[in-house]
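Please look over the chain below before reading on.

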Amino acid sequence: LNFIDLMVRQGNIDNPPKTPLVPGFECSGIVEALGDSVKGFEIGDRVMAFVNYNAWAEVVCTPVEFVYKIPDDMTFSEAAAFPMNFVTAYMMLFEVANLREGMSVLVHSAGGGVGQAVAQLCSTIPNVTVFGTASSFKHEAIKNSVTHLFDRNADYVQEVKRISADGVDIVLDCLCGENTGKGLSLLKPLGTYILYGSSNMVTGETKSFFSFAKSWWQVEKVNPIKLYEENKVIAGFSLLNLLFKQNRGGLIKGVMDKLLNLYNSKKIKPVVDSLWALEEVKEAMQRIHDRGNIGKLILDVEKAPTPLMANDSTETSEAGEEEEDHEGDNDNKERMPFIQ
């Protein structure tokens, strides 16, 4: 499960598909059948894949260019948690921002799937400083994965500048809204700001025009002349659009090969928060909505329902984090990444 699935359910995306539909964009499993011209795979292979919707199912079909073999020591749950998080993190860091030795990175929602992938990939490059924001109840679990960790409700701009007066080289923003202006203000000359989500638009249980409008108007209007004068770069990244609308499956395959080499070298490892039965999808989505997870939630088709997990989800997210009031919505919690 990814935050984008919640966005789809609420209609917070451009041109949402017509219902009825089966959500889900990534999965892992065993090959049961092959197209006539498919080469490189056999029935029985353990694989993970991107799917343009329909991944929340016992049987899925997807073009071979979106399918990858699972390493022998990787579990199915780890494989299901691997593609979107790590490809997104890798593409932003190395293909868009050109991360190199000695640079610094600010990542929001450091406890989420992409945030943890970013932290792990940064650790593969010498002397990279990672600044992360997350709700305080997640700090103990993720404190060793980033260099400097801040409470998401604190003034992280001043905290970052206190440590690094010049700011940072890369800002990865999955929140949008007012954080866009803050991120741009923190960039060093030749720094890169990348927007890859807008989770601030999801506050209540249903689509909120107020939340959408508020996030939109909080976004700092970018002046190209100012970017020119300050030597700053602003970029956007959408993995799903790159795969399914812009036909860059070949590029992504090359990235997956590099990532699997890093996994086999034990330099990276997907973080799985919890496993859920298909019948528990409502409770699992509530856990994402409540921003209670650390790492990825997985729907497991072989798992029997566990009714208590719904209560566990609520207790975990409400007991450990500070609530934040928003106009028109008093039930908001820590924002987890909009993984796209």
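The structure holds 10 salt bridges, a salt bridge being a side-chain nitrogen of Lys or Arg within 4 Å of a carboxyl oxygen of Asp or Glu. This is a predicted model, in which local features need pLDDT of at least 70 and side-chain atom pairs count only at pLDDT 80 or more, while totals for chains, interfaces and linings use all residues. Residues are numbered from 1 along each chain as its sequence is written, and side-chain values use heavy atoms, with hydrogens and water left out.

Side chains of opposite charge can pair when their charged atoms come close. Glu230 counts as partly exposed at 32% relative accessibility, whereas Lys232, at 15%, counts as buried; here buried means under 20% relative accessible area, exposed over 50%, and partly exposed in between, with a 1.4 Å probe and protein chains only. In another pair, Lys253 and Asp257 meet in a salt bridge of 3.5 Å, N to O. Both of these residues belong to helix H11 (residues 249-264), where they are four residues apart, about one turn of the helix; helices (H or I, at least four residues) and strands (E, at least two) are DSSP runs, numbered from the N terminus. Lys253 is partly exposed at 42% relative accessibility, and Asp257 is partly exposed at 36%.

A further salt bridge links Lys303 with Glu280, whose closest N and O atoms are 3.8 Å apart. Because Lys303 lies in the loop between strand S11 (296-299) and helix H13 (308-320), and Glu280 in the loop between strand S10 (272-276) and helix H12 (281-289), the pair ties together parts that are 23 residues apart in sequence. Glu280 is buried, with a relative accessible area of 5%.

The chain as a whole has 13 helices and 11 strands, and buried residues make up 53% of its 340 residues. Among contacts between residues at least 6 apart in sequence, 69% join residues at least 24 apart, where contact means heavy atoms within 4.5 Å. Ser104, in strand S4 (residues 104-107), is buried with a relative accessible area of 6%. Beyond its neighbours within four places in sequence, Ser104 is in contact with Thr129, Phe131, Gly167, Val168, Asp169, Ile170 and Lys188.

The chain averages a pLDDT of 84, and 82% of the residues score at least 70. Over residues 212-217 pLDDT stays under 50, and the model has six contacts for them beyond four places in sequence. Over residues 309-340 pLDDT also stays under 50, and there the model has 99 such contacts.

Rolling a probe the size of a water molecule over the atoms shows where empty space is left. On a 1 Å grid over the protein atoms alone, a cavity is a set of points where a 1.4 Å probe fits but cannot get out, and a pocket is an open set with protein on both sides within 12 Å along at least five of seven lines; lining residues have an atom within 4 Å of a point. The largest pocket holds about 1200 Å³ of space, a volume being the space filled by probe spheres set on the points, which are joined across faces, edges and corners. Its lining comprises 43 residues, of which Cys27, Ser28, Gly29, Ile30 and Val60 lie nearest the centre. Strand S1 (26-30), strand S2 (46-50), helix H2 (76-80) and S11 are the elements that give two or more residues to this lining, and S1 gives the most, with five.

Two backbone details remain. The peptide bond from Thr19 to Pro20 is cis, with omega near 0°, and Pro20 lies in the loop between helix H1 (3-10) and S1. Asn127, in the loop between H4 and strand S5 (129-134), has a phi near 60°, a positive value in a residue other than glycine, and counts as exposed at 57% relative accessibility.

Terms used:
pLDDT is the predictor's confidence in each residue, from 0 to 100.
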